[in-house]
2 protein chains.
Amino acid sequence: MTVTEPKGFRAAGVAAGIKGGGGLDLAVVVNDGPADVAAGVFTSNRVCAAPVIWSREALADGVLRAVVLNSGGANACTGEEGLADSAATADGLAGLLGVACHDVAVCSTGLIGERLPMAPLLAGVGTAVEGLSVSGGADAARAIMTTDTRPKTAVFNGNGWSIGAMAKGAGMLAPAMATMLVVITTDAVLTAEQANTALRAATEVSFNRLDSDGCQSTNDTVLLLSSGASGVELDTRTFTAALTTVCLDLGAQLLGDAEGSSHDIEILVKGAAGQADALEVGRAIARSNLFKCAIFGNDPNWGRVLSTVGTTKAVFDPDELDVSFNGVMVCRGGAIGEDRSLVDLSPRRVSVVVDLHAGREQAMVWTNDLTYDYVKENAEYST
Amino acid sequence: MTVTEPKGFRAAGVAAGIKGGGGLDLAVVVNDGPADVAAGVFTSNRVCAAPVIWSREALADGVLRAVVLNSGGANACTGEEGLADSAATADGLAGLLGVACHDVAVCSTGLIGERLPMAPLLAGVGTAVEGLSVSGGADAARAIMTTDTRPKTAVFNGNGWSIGAMAKGAGMLAPAMATMLVVITTDAVLTAEQANTALRAATEVSFNRLDSDGCQSTNDTVLLLSSGASGVELDTRTFTAALTTVCLDLGAQLLGDAEGSSHDIEILVKGAAGQADALEVGRAIARSNLFKCAIFGNDPNWGRVLSTVGTTKAVFDPDELDVSFNGVMVCRGGAIGEDRSLVDLSPRRVSVVVDLHAGREQAMVWTNDLTYDYVKENAEYST
């Protein structure tokens, strides 16, 4: 049921003809209230797309009534015209719903540097509004897919309240944040501050820890909408915990569907002098092409891990580094440890643990291997 | 003639049996003087190999009489034993030459995390010393190859003096510096200070601007040895210019032979507020897997350039960025420019120019595309 699981939401996904091939490419999610609380987190890329500029402004007052999302074009690097296109999209939906256009967020995903076909897109908005329903979440989740091979959705059911979510993202997955569009709905009663606090805390330890290919998108958007329709009031901690569960679930789905990947890699950096050190080391490893190729080749190449750790500013002594692959400590004290032939990297899930022996902090980062298929998809994507 | 082009140098390359397959794998370069001036630049990776630790110390007094280099093993992450192996290698050569062991540098390249086979290695040092000759430079250049498909050498002939050089490196090519071993010889008369100043200046604009795969090695070493045998004294500026030419030549050869690459990409970032900005932007683009895959696919994907520029801290206005591929300005003012179909990316050499319109500084960075063959080589290298 995804975004239509919580009470107070309707959604639709339609084929507007934005994307070639006639698939679903336009989604609308509407919050019917009674509340209209919202929060959002956006890409930190300084080259951000028109819909990001639009939605960030729309969200400034912590209120959203609806979101319109399209695949088939990112509307990024499209100048003033692109910004006008996002405004016109919001305006079109607002008019049909009878709400203010600055209460409508816009999300776009697809190729950078091309204008959106506005006539079919606006016609599609009309079709979507006609089709809005409390069972429309599944179509909406399908309509935002690009190179995703499957829709990503998650649901959390609390005691009389729930969270529903949909996500898209299969490439340009990098921290702060994985290239993604995510819409999360809830019928819990939240203040704007609670929504904001919870969303930032949840994304920090989930989407912001994914680094599939080190490339940060122009369009990343995560929106949280609360209808308050359950009437259930929650403390921030309880809601944040549930929201984090949903975000981690979606994050795992994004990683599992990352372009051309054959391994999901979980990198735990422990024994760090501080959180920042642990994160820096984890992200550096997650971005090492040599390391990622080694995993593709089922090779527990700890030398490539150490050589990457050595490029960071983290506190550590090279002679005290331990590295384990799937539980086998192949590097101990910065030198040869257990026999590397004891490591089995054939399963899709790979666990790498690096112990810096410099303190008590730790952090987890997730990434994928680098494969022929990643290169293929990204060499051919726009041609 | 490579390192034996200048007067006062002998070299040899032999098959010591370190590498499987029986190829050349051990090289010795000897400076017969009269001078024994030397300078070196080493990896800035904090996890550095035993030979780097050894050679850095050996060079502390600005004097070297000989260098011994091996392929077939990096002697990195090998602990105290590895350091003892490097010392024993230097000691072995020093004994045969009748020089002090701290006047012998050691360079190793190959897999990280495995001990070197010391018995055949030391025997090979003996064979190499017996074979030392003024025409041994070519064999020495072959003996240091790993995944290189061809030896890399360069010669500069001045008026009565010369520079000769050999290099190896085909992967882990990253700034500060491309994973490489380089030995440069000259018969020009230099002070230790001149040698040091010239080497740092030349590497800064050549090897330190190569970024093939963003991965920094544990073993990078560039050595400059001066015999002074020509009797020609030079001012630092003249020598630096010649040395820079040699380093740029070697750099282009390294890039041209980078693992699995099909395009050599030159990225010029201009209009920068400062050199640091220009370099940060250039390096970020050079490390974008999505950009590098696009070039492999002959796709002038300027959106991936802009989204990368947006992740940097450089001074720029997103609406003023220009991007050209091979002379065609496909992005103008942060938006769609010339027709991308006008760009022909089929030749191996690709020029990308990014104008930040924020100042007058510029910098050049070189990289490769990301290909199936890069993944293949690096997935299979150690297994």
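Me: Which residues does Val47(B) touch, not counting residues up to four places away in sequence?

Reply: Contact means heavy atoms within 4.5 Å. Val47(B) touches Leu306(A), Gly310(A), Phe316(A), Pro318(A) and Leu321(A), and also Cys77(B) and Thr218(B). This is a predicted model, where local features need pLDDT of at least 70, side-chain atom pairs count only at pLDDT 80 or more, and totals for chains, interfaces and linings use all residues. Residues are numbered from 1 along each chain as its sequence is written, chains are lettered from A and ligands numbered from 1 in the order in which they are written, and side-chain values use heavy atoms, with hydrogens and water left out.

Me: Where in chain B is Val47(B) found?

Reply: Helices (H or I, at least four residues) and strands (E, at least two) are DSSP runs, numbered from the N terminus. Val47(B) is in the loop between β3 (37-42) and α1 (50-58) of chain B.

Me: Is Val47(B) buried or exposed?

Reply: Buried means under 20% relative accessible area, exposed over 50%, and partly exposed in between (1.4 Å probe, protein chains only). Val47(B) has 4%, so Val47(B) is buried.

Me: How far apart are Val47(B) and Thr218(B) in sequence and in space?

Reply: In sequence, 171 residues separate them. In space, C-alpha to C-alpha, they are 6.0 Å apart.

Me: How is chain A laid on chain B?

Reply: Two copies of a chain are related by a rotation about an axis and a shift along it. Copies are superposed by least squares on the C-alpha atoms of residues with pLDDT of at least 70 in both. Here the turn is 180°, the shift along the axis 0.0 Å and the RMSD 0.0 Å. That is the relation of a two-fold axis. In chain A, the C-alpha nearest the axis belongs to Tyr372(A), 2.6 Å from it.
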